[in-house]
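Please look at the sequence and structure below before reading on.

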Amino acid sequence: MKVLVTYLSQTGNTKKVADAIFGEIKGDKEMKTLETTSDLNGYDLAFVGFPVWSSGPAEPAKKFLEAHAPRSADARVSRWHTSELQGSSCPGSAGRFLRLPRSAL
Ligand SMILES: Cc1cc2nc3c(=O)[nH]c(=O)nc-3n(C[C@H](O)[C@H](O)[C@H](O)COP(=O)(O)O)c2cc1C
């Protein structure tokens with residue numbers, strides 16, 4: 001199983017979570033910034049993290065997800081976000097859980 005952790009982070013919060021997720025994954029894994037991720041082809045599982053901007057996914061992440069993971073139910077993609085406010089509204093990721101298949105851990 002090949003796993004990608006990709007993230008967008010301006011001030012480091014989302015990167016900290018990306019580092020923690022990446023550290024827990026065993027086996028074939030890769031970590032990249034969202035800016036250097038062209039698509040999700042070739043990965044069995046992708047963790048995509050981004051900050052909340054103006055109560056939604058940060059714009060570059062929104063565009064990336066619309067282009068490469070348009071179905072929010074896609075089991076191969078786990079999204080997470082960081083935000084200033086606890087429970088900050090973020091359509092597209094709010095209420096969703098990270099999926100951590102045992103096989104990746
Ligand atoms: C332009 C901008 C808009 C933001 N809008 C929100 C918001 O609507 N709600 C919120 O809780 N946090 C908001 N934040 C705070 C960020 O989501 C939060 O600090 C996040 O953890 C930053 O992630 P990063 O350190 O990976 O860049 C905003 C930050 C920026 C820069």
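The sections below go from the overall fold to individual residues.

## Overall fold

The model is predicted. Its chain contains five strands and two helices, arranged along the sequence in the order β-α-β-β-β-α-β. Of the 105 residues in the chain, 32% are buried.

Contacts were also sorted by separation in sequence. Among those between residues at least 6 apart, 74% join residues at least 24 apart.

## Helix H1

Helix H1 runs over residues 13-24. Its twelve residues, at 1.5 Å a residue, should span 16 Å, and the end C-alpha atoms are 18 Å apart, which agrees.

Thr-14, Ala-18 and Ile-21 are the buried residues of interest in H1. Seen down the helix axis, the buried residues of H1 fall within an arc of 65°, so they line one face of the helix. That buried side packs against strands E1 (2-7), E2 (28-33), E3 and E5 (77-82). The face of H1 turned away from the buried side carries Ala-20, Gly-23 and Glu-24, which are exposed.

## Helix H2

In helix H2, the buried residues are Ala-61, Phe-64 and Leu-65. They cover an arc of only 95° around the axis, which puts them on the same side of H2. The elements covering them include E3 and E4.

On the face of H2 turned away from its buried side are the exposed residues Glu-59, Lys-63, Glu-66 and Ala-67.

In soluble globular proteins, nonpolar side chains tend to be buried together. In this model the largest nonpolar core has 20 residues, and the members that touch the most others are Ala-46, Phe-50 and Ala-61. Two or more residues come from each of E1, H1, E3 and H2 (59-68). E3 gives the largest share of this core, five residues.

Leaving aside residues up to four places away in sequence, Ala-46 touches Leu-4, Thr-6, Leu-40, Arg-76 and Val-77.

## Strands E3 and E5

E3 and E5 pair in the parallel sense over six bridges. E5 is mostly covered, with five of its six residues buried.

Within this pair of strands, Phe-47 stands opposite Ser-78 in E5. The two residues are 31 apart in sequence, yet their C-alpha atoms are 4.7 Å apart in space. Is Ser-78 buried or exposed? Ser-78 has 23 other C-beta atoms within 10 Å, and a residue with 20 or more counts as buried, so Ser-78 is buried.

## The loop between E3 and E4

Ser-54 lies in the loop between strand E3 (45-53) and strand E4 (56-57). Ser-55 is found in this loop too.

Most residues other than glycine have a negative phi. Ser-54, however, has a positive phi, near 50°. The phi of Ser-55 is also positive, at about 60°, although this residue is not a glycine. From Ser-54 to Ser-83 the separation is 29 residues in sequence and 9.9 Å in space, C-alpha to C-alpha.

Conventions: Residues are numbered from 1 along each chain as its sequence is written. This is a predicted model: local features need pLDDT of at least 70, side-chain atom pairs count only at pLDDT 80 or more; totals for chains, interfaces and linings use all residues. Helices (H or I, at least four residues) and strands (E, at least two) are DSSP runs, numbered from the N terminus. A residue is buried if 20 or more other C-beta atoms lie within 10 Å of its own, exposed if 12 or fewer, and partly exposed in between; C-beta atoms are placed from the backbone. Two residues are in contact if their C-beta atoms, placed from the backbone, lie within 7 Å. The expected span of a helix is 1.5 Å times one less than its number of residues. The arc is that of the directions from the helix axis to the C-beta atoms. A nonpolar core is a set of buried Ala, Val, Leu, Ile, Met, Phe, Trp, Tyr and Cys residues joined through C-beta atoms within 7 Å. Two strands pair if DSSP finds at least two bridges between them.
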